[in-house]
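This explanation leads the reader through selected features of one protein structure. Please keep the sequence and the model in view while reading.

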Amino acid sequence: MPDNDSYSLKSLPERQREDLFSAGSPSLEARKKQLSKLKTMIVDHEEAFTRALHADLGKPAFESFSSEIAVLLNEIDHICKHIAKWNRQSRSRYLKMGYIESIKRKRHPYGSVLIIGSWNYPLQLSLMPAIGAIAAGNRCVIKPSEHAPATAELLKKIINDAFPPEQLLVVTGDAQIASQLTAAPFDLIFFTGSGQTGKAVAEQAARQLTPVILELGGKNPCIIDETGFSKEAVREIVWGKFLNAGQTCIAPDTLFVHESIYEKTLNEISAAVSAFYGEQPRESSDYGRICTDDHFQKVIEFIGQGDVRHGGSYDRSDRFIAPTVLTDIEPGSPILQEEIFGPVLPVIPYTDMRTLLSSGRIQRDALTGYIFSKNKDDIQLFKEHMRSSTISVNQVIHHAASPHIAFGGVGTSGYGAYHGKAGFLAFSYEKTEYRTHHYIHFQGKFPPYSDTNMKALKKLRKWLL
């Protein structure tokens, strides 16, 4: 098993690219075989991954399987079922004046792809893009987050034992290693993480004109209008917010509630939190922990920026922060400006949907937007206001687990998309073969040009060009 030292980081993409181009673009059967091997690896080491995720984030086994392992297995199954259709060459023919043009189009791999994963879902966010990249025929280098060391080391051991490094390789290390990798001549870089780091990755890649896909975050708004309240709706929101201790890029960041249902919504939120995690959530085996000390400090500072309606306790010794609900937050507070990415839910009343949407309190290009409503006009207003690539109505989180839905950001939440067919397209480019068969050679296209030929061109341009 090669380690970081036995391979020059700068030479990694060159070695993978050379191996790929010397062997030729892998067949569909070869890609399916690689994906099948990856699936077997995940299944065979399910318990080990579950233990690693618990060590890194305190994840309960149910969340580890549902939000990390199951979605990966479903992605592989979906891609293997449809990849032949996606990869099929398309052909078209068009009759022109004097010739017939023939066009063939086919998807081709970029070459060597660098994938930089994130710590909040360290297994899923390392392997999900790799699945799309392999399906498209690429070779990959995966750099998992150093902030989830147990999962990163397990990925490195298992993958590097199972795959040749010219095909798929895991490299571990800190931000310095990541910087060395992004400076290497990869053919495509896929990054998941913060906006600040994403900018740095994009700037580094731009020096070599390397295309980049950025999956970032944002303040995903969640609205309950006067028609949207129910106990079931509140339970969905509470589940989505406090899943993985709030460390989910598509979690409802801030909850806006119509003033007519504000108090009963707050009461129902408290009831749901207690039902899920008990009166002592620290003792619950179903509740996770904050990943790093720095992030822990940031989240507890948010708690002091409003009145605690529920929760508010924390313990630095094991990075525990109770599910917390805040009210009466001063306008302009950092918690209303920055992505929370933790188990703190600000709940803010509003009086009118149009006024709320025009107030500037909602990030239009957040990664996603949620609304709970039976009012078609409110739903339409929200859809028109948001620039996000997805809008979820009367549900949270679930759309990200579907291989039928492209997952990606817009604006400050990133660019590019993956999952399912979107991933296959993101990690490949279209190569076109163009041919013509002339039955008449139109000599008027050659110099010297004449007024007669210009008149003919204007009259017959659709047939000539």
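Which residues gather in a patch of positive charge on the surface? In this predicted model, the patch consists of K81, K85, R88 and K421. K421 belongs to helix 14, which covers residues 420-426. Its relative accessibility is 42%, so K421 counts as partly exposed.

The surface also carries a nonpolar patch, formed by L95, M97, Y439, I440 and W463, whose accessible area together is about 530 Å². One of these residues, I440, is located in the loop between strand 20 (428-438) and helix 15 (451-464). P448 has its place in the loop between strand 20 and helix 15 as well. There, P447 and P448 are joined by a cis peptide bond, with omega at about -5 degrees.

Because its relative accessible area is 75%, L209 is classed as exposed.

The last stop is T327, in strand 13 (residues 324-327). Is T327 buried or exposed? Its relative accessible area is 7%, and T327 is therefore buried, since buried means under 20%. The side chain of T327 makes a polar contact with the side chain of D328, at 3.5 Å.

Methods
Residues numbered from 1 in each chain as written. Predicted model: local features only at pLDDT ≥ 70, side-chain atom pairs only at ≥ 80, totals over all residues. Heavy atoms only, no water. Patch = residues over 30% accessible without salt bridge, like charges linked within 9 Å, V, L, I, M, F, W, Y side chains within 5 Å. Areas by Shrake-Rupley, 256 points an atom, 1.4 Å probe, with all protein chains shown as cover. Salt bridge = Lys/Arg side-chain N within 4 Å of Asp/Glu carboxyl O. Lys, Arg positive; Asp, Glu negative; His and termini not counted. Charge placed at Lys NZ, Arg CZ, Asp CG, Glu CD. Helix = DSSP H or I, 4+ residues; strand = E, 2+ residues; numbered from the N terminus. Buried < 20%, exposed > 50% of the residue type's maximum accessible area, 1.4 Å probe, protein only. Polar contact = N/O pair within 3.5 Å; in protein donor to acceptor, adjacent residues only side chain to side chain.
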